[in-house]
Amino acid sequence: ALTATATPKVSADICSGFGINQQDHVQLSFRRDNLAFRVIPCARSERDGLLLERVRSGAGVTVVYVTLQFTAERVATLLAANGVNAKAYHAGLRDDYRAQVQDRFMRGEIDVVVATIAFGMGIDKADIRRVYHYNLPKSLENYVQETGRAGRDGGQSSCELFACLDDRIVLE
């Protein structure tokens, strides 16, 4: 049984479910030296401009995590209207379209995916260079798992969180 991130409870459940003895359980740190983390406190009105500036100024494959499906659509549309090759990805999309977006992203035909947590399971794209959290993540575990999609090839990658207190209302 392999997983990139697991809390102690999840690790114990995995070991129990698969009959793995405690002495056979191996768990390494989630910390990777090639990931740079940054938290940017901001107001809701500043986020679009910050994200657009970041996406335009850097190079590389990018994932932007948002909380709501509506936000994924709005932010992807904003980026596309400003010349960024971006698409939305969320559970509310038709299955065939969602699969098409994922496949095109994996093949390098889409530079930026703006996604809810529906995006991630089974995503093993080695060259993701930037992960932005447009909204606060649902938990620290979610944040670690989502940022862990960056730089799997060992290349330097950036993980930035736009910390806006207004997001706590949606999370609560």
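Buried means under 20% relative accessible area, exposed means over 50%, and partly exposed lies in between (1.4 Å probe, protein chains only). This is a predicted model, in which local features need pLDDT of at least 70, side-chain atom pairs count only at pLDDT 80 or more, and totals for chains, interfaces and linings use all residues. Residues are numbered from 1 along each chain as its sequence is written, and side-chain values use heavy atoms, with hydrogens and water left out.

**Accessibility and cysteines**

| Residue | Relative accessibility | Class |
|---|---|---|
| Cys164 | 2% | buried |
| Cys15 | 9% | buried |
| Lys87 | 29% | partly exposed |

A disulfide is a pair of cysteine sulfur atoms within 2.5 Å. The whole structure has zero disulfides. Cys164 is in none; its nearest cysteine sulfur belongs to Cys42, 5.4 Å away.

**The sheet**

Helices (H or I, at least four residues) and strands (E, at least two) are DSSP runs, numbered from the N terminus. Two strands pair if DSSP finds at least two bridges between them. Six strands form an open sheet with parallel pairing, in the order β1-β6-β5-β2-β4-β3. Its edge strands are β1 (35-41) and β3, each pairing on one side only. From one strand to the next, the twist averages 15 degrees. Axes are lines fitted to C-alpha atoms, for helices over the stretch in contact, and angles run from 0 to 180 degrees between N-to-C directions.

Strands β2 (residues 61-65) and β5 (residues 128-133) run parallel, joined by five bridges. Here Tyr65 stands opposite His133 in β5.

Helix α3 (residues 69-81) packs on the sheet and touches β3 and β4 (112-115). The direction of α3 makes about 175 degrees with that of β3. Contact means heavy atoms within 4.5 Å. Helix α4 (residues 95-106) lies across β2, β3, β4 and β5, at about 135 degrees to β3.

**Around Lys87**

Lys87 lies in strand β3 (residues 86-89). Beyond residues up to four places away in sequence, Lys87 touches several others, including Ala76, Tyr97 and Arg104. Glu73 is 14 residues from Lys87 in sequence and 7.9 Å away in space, C-alpha to C-alpha.

**Two cores**

A nonpolar core is a set of buried Ala, Val, Leu, Ile, Met, Phe, Trp, Tyr and Cys residues joined through side-chain atoms within 4.5 Å. The largest has 21 residues; Leu51, Val64, Leu79, Val112 and Val114 touch the most other members. At least two residues of this core come from each of α2 (44-57), α3, β3 and β4. Apart from it lies another core of 18 residues, among them Val101, Ile110, Phe119 and Cys159.
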